[in-house]
Amino acid sequence: MKQLFGPPRALQERPTHYCPGCTHGIIHRLIAEVIDELGVQEKTIGIAPVGCSVFAYDYFNVDMQQAAHGRAPAVATGIKRVLPDRVVFAYQGDGDLASIGAAEIIHAASRGEKITVIFVNNTLYGMTGGQMAPTTLLTQKTTTSPLGRKEGQHGFPLKITEMLALAAGAAYVARVSVHNPTHIARTRKSILEAFKTQIAGRGFSIVEVLSTCPTNWGLSPLESLKWLEENMIPFYPLGVLKAPGGEGMK
Ligand SMILES: Cc1ncc(C[n+]2csc(CCOP(=O)(O)OP(=O)(O)O)c2C)c(N)n1
């Protein structure tokens with residue numbers, strides 16, 4: 001019998017270490033589906049970050065390189081410049097990208113590096129125990145803001161994706177979410193656009209994916225999806241911020 005549906009080839013068939021309800025697995029799958037659709041498995045190189053997705057190299061069925069915390073865009077830059085015919089993507093958490101790696105991501109976007117960044121925003125440092133990140137929302141409780149994030153004490157949450165959209169070298173910039181099937185389908189479309197932007201040589205592309213962390217949020221998987229929708233989306237609005245055709249905020 002002909003198989004009509006199966007796992008993407010660009011993903012290895014093995015269980016992940018992610019917590020129940022964590023959305024890293026969904027995002028991995030969407031990236032792998034896009035790699036399959038574009039037929040670029042043999043020439044894709046992924047950069048694994050430091051954070052919960054540190055073992056991403058065990059899950060993708062493409063060449064992978066590990067980067068030090070926050071340095072994935074710099075490593076991706078080096079690989080893409082040496083091997084310009086490859087499709088290079090960096091996979092980064094919000095602590096990785098917006099905190100320790102803030103300089104790397106801003107300058108990679110500004111230089112217009114022809115790389116794709118998948119930015120997984122779960123509002124905190126997941127792997128190390130749920131500490132506050134630049135993306136933590138005001139009033140949100142984390143292990144380092146147990147009374148809730150306060151602007152006077154901890155500063156404001158950082159919308160780094162909006163900042164990156166201002167970079168002249170950034171060609172495709174979008175924010176999406178994976179809290180329900182409709183939005184998972186939109187996330188897939190955005191990841192596809194970002195990869196296509198790179199393949200067309202148009203410049204830097206980034207997709208921020210709003211994600212859950214049930215373990216550190218102290219919520220069930222279902223409650224986490226609701227929390228994301230009710231708290232994250234109002235502050236981090238979804239949409240394409242910049243696209244090669246000149247598409248703006250919508
Ligand atoms: C140079 C360096 N500093 C700090 C750490 C500790 N560390 C490991 S993971 C992590 C946070 C990761 O958070 P995030 O990027 O948001 O990813 P998540 O785990 O939430 O997916 C930190 C601070 C490290 N490994 N290396």
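Predicted model: local features only at pLDDT ≥ 70, side-chain atom pairs only at ≥ 80, totals over all residues.
Two residues are in contact when heavy atoms of theirs lie within 4.5 Å. Not counting residues up to four places away in sequence, Ile-79 touches Ile-45, Ile-47, Gln-65 and Val-88. Ile-79 is found in helix α2, and its relative accessible area is 17%. Because buried means under 20% relative accessible area, Ile-79 is classed as buried. As for distance, Ile-79 and Pro-15 are 64 residues apart along the chain, and 29 Å separates their C-alpha atoms.

Helix α2 spans residues 72-82, and its buried residues are Ala-72, Pro-73, Ala-76, Thr-77, Ile-79 and Lys-80.

Thr-197 counts as buried because its relative accessibility is 3%. Leaving aside residues up to four places away in sequence, the contacts of Thr-197 are Ala-171, Tyr-172, Arg-202, Gly-203, Ser-205 and Pro-244.

A further residue to look at is Ser-177, which belongs to strand β7 (residues 170-177). With a relative accessibility of 0%, Ser-177 counts as buried. Its side chain makes a polar contact of 2.7 Å with the side chain of His-179. Beyond four places away in sequence, Ser-177 touches His-183, Ile-184, Thr-187, Leu-210, Leu-228, Ile-233 and Leu-238.

The ligand sits in the second largest pocket. Two elements give two or more residues to the shell around the ligand, namely α3 (94-100) and β5 (124-125). Helix α3 provides the largest share of that shell, with 4 residues. In total, 16 residues surround the ligand, and the closest are Cys-52, Gly-95, Asp-96, Gly-126 and Met-127.

Some of the polar distances can be followed atom by atom. In the side chain of Asp-94, an N or O atom is 3.0 Å from an oxygen atom of the ligand. The backbone takes part as well: a polar backbone atom of Gly-126 is 2.8 Å from an oxygen atom of the ligand, and for Met-127 a backbone N or O atom lies 2.9 Å from a ligand oxygen atom. On its own the ligand has 600 Å² of accessible area, of which the protein covers 72%.

Thr-123 has a phi near 70°, a positive value in a residue other than glycine. This residue is found in the loop between β4 (116-121) and β5, and Thr-123 counts as buried because its relative accessibility is 0%. Thr-139 is not a glycine either, yet it has a positive phi of about 75°. The loop that holds Thr-139 runs between β6 (131-132) and α5 (151-154). Is Thr-139 buried or exposed? With a relative accessible area of 64%, Thr-139 is exposed, whereas Thr-123 is buried.

Technical notes. Residues numbered from 1 in each chain as written. Heavy atoms only, no water. Buried < 20%, exposed > 50% of the residue type's maximum accessible area, 1.4 Å probe, protein only. Polar contact = N/O pair within 3.5 Å; in protein donor to acceptor, adjacent residues only side chain to side chain. Near = heavy atom within 4 Å. Areas by Shrake-Rupley, 256 points an atom, 1.4 Å probe, with all protein chains shown as cover. 1 Å grid on protein atoms, 1.4 Å probe; cavity = no way out; pocket = protein on both sides within 12 Å on 5 of 7 lines; lining within 4 Å. Sits in = over half its atoms within 2 Å of the grid points.
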